[in-house]
Amino acid sequence: MNDIEDCAVVGGGIGGLTAAIYLARFRRRVVVLDGADSRARWIPRSRNHPAFPEGVTGDELLSRLRAQLARYGVTPVHDRVTAIVREGDGFRLSRASGAETRARLVILATGVSDIEPPIPDAFDAVKHGLVRHCPICDAYEAIDKRLAVLGRGDHCLGEALFLRTYTPHIVALTNGAPLGCAAESRARMDEAGVRLNEAPIAAIARAEDGAGVVIRFADGETLRVDALYSAMGMRPHAELAADLGVALSSDRRIPADDHQRTSADGVWAVGDVVTGLNQLGVAMAQGEIAATDAHNRLRRKEGLSVG
């Protein structure tokens with residue numbers, strides 16, 4: 001039918017746009033439905049992404065991908081998908097605007113949202129590198145700096161120990177809750193020289209000179225650090241996947257196989273919403289793999305492949 005797309009990509013972030021570029025180059029009818037909330041927008045500058053020796057901002061990378069996609073006549077549709085249901089041999093996607101899209105296949109690139117610390121204008125603080133979420137991405141730029149890690153349990157401790165490779169000046173903050181780690185883990189923290197402050201936090205704000213973060217505790221004491229790493233976790237956007245019957249992992253992310261296939265037939269998943277390493281290059285690779293597998297599935301149905 002003429003009004004059905006070969007594939008609908010849900011999410012216009014790094015993985016979703018990469019998948020769409022590949023599908024467009026495969027000469028497939030593809031639509032990108034973008035809620036305009038890509039986590040990549042928060043990236044101030046990534047210096048570990050290959051081929052960008054001076055680093056690249058999240059906005060710049062998204063812009064480059066959109067421009068590349070536009071060369072093949074595809075522009076993302078800025079509309080949030082509210083529901084996906086199976087219909088015949090494909091899917092019907094309902095959108096916030098009231099419009100609907102029909103597609104034979106679906107690639108979910110719905111991403112995650114970081115749980116932000118209670119700081120005014122968190123987006124601006126992240127864009128200026130004062131609040132950070134990914135030590136794999138930017139810990140190199142924190143060498144010998146004063147850092148705080150906010151969170152609880154092994155996730156908080158693990159992030160603090162990861163950062164210990166880069167600086168000895170680290171304090172773990174739990175905002176009034178016990179750290180919640182086993183004695184062995186706590187001993188490892190002490191051996192690494194990571195300090196612990198379990199006092200309730202009254203306020204977190206940017207330093208007046210804009211060069212750091214000031215944490216004020218309920219007892220009136222203050223702590224100034226160069227950057228605050230949030231180890232408070234993230235919220236996967238996997239509701240659409242769950243509605244389609246996709247089996248989710250214990251942390252509500254989407255498991256995918258080597259072809260980025262989910263447990264639901266005709267549905268792939270790419271990017272941070274997928275279980276695994278959250279990195280720009282990983283999201284791109286997953287988009288490439290999913291798009292190629294989806295194209296090959298369509299070729300088989302069209303009788304244009306062997307086997």
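Predicted model: local features only at pLDDT ≥ 70, side-chain atom pairs only at ≥ 80, totals over all residues.

Student: Okay, where does threonine 167 lie?

Tutor: Threonine 167 is in a loop, the one between helix 5 (153–163) and strand 10 (170–173).

Student: Is threonine 167 buried or exposed?

Tutor: Buried, because its relative accessibility is 1%, and the cut-off for buried is under 20%.

Student: And which residues does threonine 167 touch, leaving out those up to four places away in sequence?

Tutor: Ala142, Asp144, Lys145 and Leu147. Take aspartate 144: it sits 23 residues from threonine 167 in sequence, yet the C-alpha atoms are 4.3 Å apart.

Student: What does the side chain of threonine 167 reach?

Tutor: The backbone nitrogen of histidine 169, at 3.2 Å. There's also a polar atom of the threonine 167 side chain 2.7 Å from the backbone oxygen of lysine 145.

Student: Switching topic: you listed Leu147 as a contact. What is the bridge partner of leucine 147 in strand 10?

Tutor: That's isoleucine 170. Leucine 147 belongs to strand 9 (residues 147–151), which runs parallel to strand 10 and is joined to it by four bridges.

Student: How many strands form the open sheet, and in what order?

Tutor: Five, ordered 8-15-9-10-11, with parallel pairing.

Student: Which are the edge strands?

Tutor: Strand 8 (131–132) and strand 11 (195–197), each of which pairs on one side only.

Methods. Residues numbered from 1 in each chain as written. Heavy atoms only, no water. Helix = DSSP H or I, 4+ residues; strand = E, 2+ residues; numbered from the N terminus. Buried < 20%, exposed > 50% of the residue type's maximum accessible area, 1.4 Å probe, protein only. Contact = heavy atoms within 4.5 Å. Polar contact = N/O pair within 3.5 Å; in protein donor to acceptor, adjacent residues only side chain to side chain. Pairing = 2+ DSSP bridges.
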